[in-house]
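Trainee: Could you walk me through this model, one feature at a time?
Mentor: Gladly; let us open it together.

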Amino acid sequence: MTPRQIYVVDDNHEFRDSLRFWLEGFGCQVRDWGDPRDALQSLARVAVGTAWPESTCLMLDVRMPELSGLDLHDALRERGIHLPVIYMSGHADVPLAVAAMQKRGAVSLLEKPLDDAALSAALDRAFAPMDVDLDVDPGVEGSREEFERRAQMLSPRERQVLSLVVKGLMNKNIADEIKLSLKSVELYRSRGMRKMKARSVTELTRMMVSRRA
């Protein structure tokens, strides 16, 4: 069985060491970079005349100096390098998360610090055979039917507030947008998150993008 090859790009040295330790403990081969520009050059050289093994994926930090994970992903695709990508973010940056999941076809988005179960599920998704349905993000437990069931429990205000949360608006901006008090927005947001069983904004975003609970 071919070992899983994982390329990690993250500007945090301590995080890379920790992630490498975890991945290698599960038998993965890991190569990592702190500078996305170095990663781009190295991967472009590897790609020349090389067919990428199916057991290869990228793990990219969303926010990095000089070149973001999304920019790096775009640059790789422009060079004909198409690999499954798992995005990682310590910022719960919702607009970037939506762009990553919708426009760039990332297989998953993980929020730092990484949850072991979510990371394992994301890797299984990244290495799934091409004939497997990849519209499902195993990092978000449940089905499309369960998502719809939870969504139907939302009041119109809760649904409105959560839709603005997913667009990246802060509570104060939402309050100004829909002409409510800040406390009311916080209440609707809290109730909506609880009904959707979303533990974080990032998890809510994954639900909304994949339409699965």
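**Salt bridges and cores**

Mentor: Let us begin with a pair: Glu-146 and Arg-150 form a salt bridge, with their closest N and O atoms 2.8 Å apart. The model is a predicted one, in which local features need pLDDT of at least 70 and side-chain atom pairs count only at pLDDT 80 or more, while totals for chains, interfaces and linings use all residues. Residues are numbered from 1 along each chain as its sequence is written, and side-chain values use heavy atoms, with hydrogens and water left out.

Trainee: What counts as a salt bridge?

Mentor: Side chains of opposite charge can pair when their charged atoms come close. The cut-off here is a side-chain nitrogen of Lys or Arg within 4 Å of a carboxyl oxygen of Asp or Glu. A search of the whole structure finds 13 of them.

Trainee: Where do Glu-146 and Arg-150 lie?

Mentor: Both are in helix 6 (residues 144-152), four residues apart, or about one turn of the helix. Helices are DSSP runs of H or I with at least four residues, strands are runs of E with at least two, and both are numbered from the N terminus.

Trainee: Is Arg-150 buried or exposed?

Mentor: Arg-150 is buried, at a relative accessible area of 9%. Buried means under 20% relative accessible area, exposed over 50%, and partly exposed in between (1.4 Å probe, protein chains only).

Trainee: Which partners does Arg-37 have?

Mentor: One is Asp-35, with the closest N and O atoms 3.0 Å apart; another is Glu-66, at 3.9 Å from N to O. The pair with Glu-66 links distant parts of the chain, 29 residues apart: Arg-37 sits in helix 2, and Glu-66 in the loop between strand 3 and helix 3. Arg-37 counts as partly exposed because its relative accessibility is 40%, whereas Glu-66 counts as exposed because its value is 64%.

Trainee: Which residues touch the most other members of the largest nonpolar core?

Mentor: A nonpolar core is a set of buried Ala, Val, Leu, Ile, Met, Phe, Trp, Tyr and Cys residues joined through side-chain atoms within 4.5 Å. In the largest, of 23 residues, they are Leu-43, Leu-58, Leu-72 and Tyr-87. Strand 1 (5-9), helix 2 (36-47), strand 3 (56-61), helix 3 (69-78) and strand 4 (85-89) each supply at least two residues of this core. Another core, of 21 residues, lies apart from it and includes Ile-6 and Phe-15.
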